[in-house]
Amino acid sequence: MSEERYGEFVLVRRHGPGHVAELVLDRPKAMNAVSTEMARSIAGACAALGTDNGVRAVVLTSTHERAFCVGADLKERNSFSDADLVRQRPVARGAYTGVLELPVPTIAAVHGFALGGGFELALSCDVIVADRTAVVGLPEVSVGVIPGGGGTQLLPRRVGAARAAELIFTARRVEAVEARELGLVDDLVEKGQDREQALALGARIAVNSPVGLRAAKRALRVGHGMDLRVGLEVEDAAWRATAFSGDRAEGVAAFNEKRKPEWPGE
């Protein structure tokens with residue numbers, strides 16, 4: 001396993017041959033509250049991962065025992081002038097869009113508190129694995145703002161407009177079992193198993209074609225919410241991107257030769 005640090009608060013670990021990258025939130029003294037510096041580091045790490053063709057899956061984790069991420073750093077925000085907040089906004093957005101726009105499958109490993117921007121980081125991933133200590137929610141209206149890291153758009157895509165409205169308008173926190181029942185998280189695992197299970201899922205994903213994985217994610221993300229006929233055209237374009245690739249040729253050959261494929265990744 002290799003490690004690379006992005007600023008003081010973000011770490012990237014490469015597992016096995018490096019096809020699974022672990023994006024680690026590492027600001028334990030603040031329960032991973034997202035400061036300006038931390039947001040910039042998340043965006044930088046995502047930019048690097050997004051252009052690394054060797055990465056096939058990214059797992060988002062936390063080093064804090066009792067929290068995934070508690071959201072924006074409100075202590076920092078309390079010192080901001082209006083002008084400071086305007087200047088900081090694109091930096092903050094860069095962290096959330098950085099995770100959202102990663103071109104490979106992404107998995108969030110959630111335990112403890114995942115609130116506000118912390119839950120939005122998880123929502124930006126394709127799959128959320130949570131342990132039984134998880135508490136999730138978007139409480140922004142209780143402090144005079146709204147979810148600004150994608151929450152008003154990502155949550156209704158998961159649970160429907162009415163349920164998302166109820167959760168956002170009440171600012172309520174949802175514990176793990178109910179969160180799984182409502183579809184706020186996808187897999188519920190035993191206490192302390194979220195990281196291990198998320199990495200295992202990442203490893204299962206990463207054995208597959210890198211060209212196929214990226215194209216499948218693109219089709220899923222771009223086609224979502226479109227008219228079906230338009231969505232099928234999106235899918236066809238993604239299929240064409242894979243059909244004449246080296247990965248497709250290797251996958252078919254490996255299947256017929258009854259061996260594991262050695263993906264060229266192109």
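How many of the five residues of strand β6 (residues 106–110) are buried, and why is this strand largely enclosed by the rest of the structure? Five of the five are buried, so β6 is largely enclosed; buried here means under 20% relative accessible area, with exposed over 50% and partly exposed in between (1.4 Å probe, protein chains only).

Before continuing, a word on the source. This is a predicted model, in which local features need pLDDT of at least 70, side-chain atom pairs count only at pLDDT 80 or more, and totals for chains, interfaces and linings use all residues. Residues are numbered from 1 along each chain as its sequence is written, and side-chain values use heavy atoms, with hydrogens and water left out.

In a regular strand the side chains alternate between the two faces of the sheet. In β6, T106, A108 and V110 point one way, I107 and A109 the other, and all are buried.

Let me turn to the neighbours. Strands are DSSP runs of E, at least two residues, numbered from the N terminus, and two strands pair if DSSP finds at least two bridges between them. Strand β4 (residues 57–62) runs parallel to β6 and is joined to it by three bridges, with L60 as the bridge partner of A108. Strand β8 (residues 127–131) also pairs with β6 in the parallel sense, over four bridges, and there A108 stands opposite I128. Further along, β3 (residues 20–25) and β4 pair in the parallel sense over six bridges, V24 having T61 as its partner.

Finally, the whole sheet. Seven strands form an open sheet of mixed pairing, in the order β1-β2-β3-β4-β6-β8-β11. At the edges stand β1 (2–6) and β11 (187–189), each with a single partner strand, so one side of each is left without a neighbour in the sheet.
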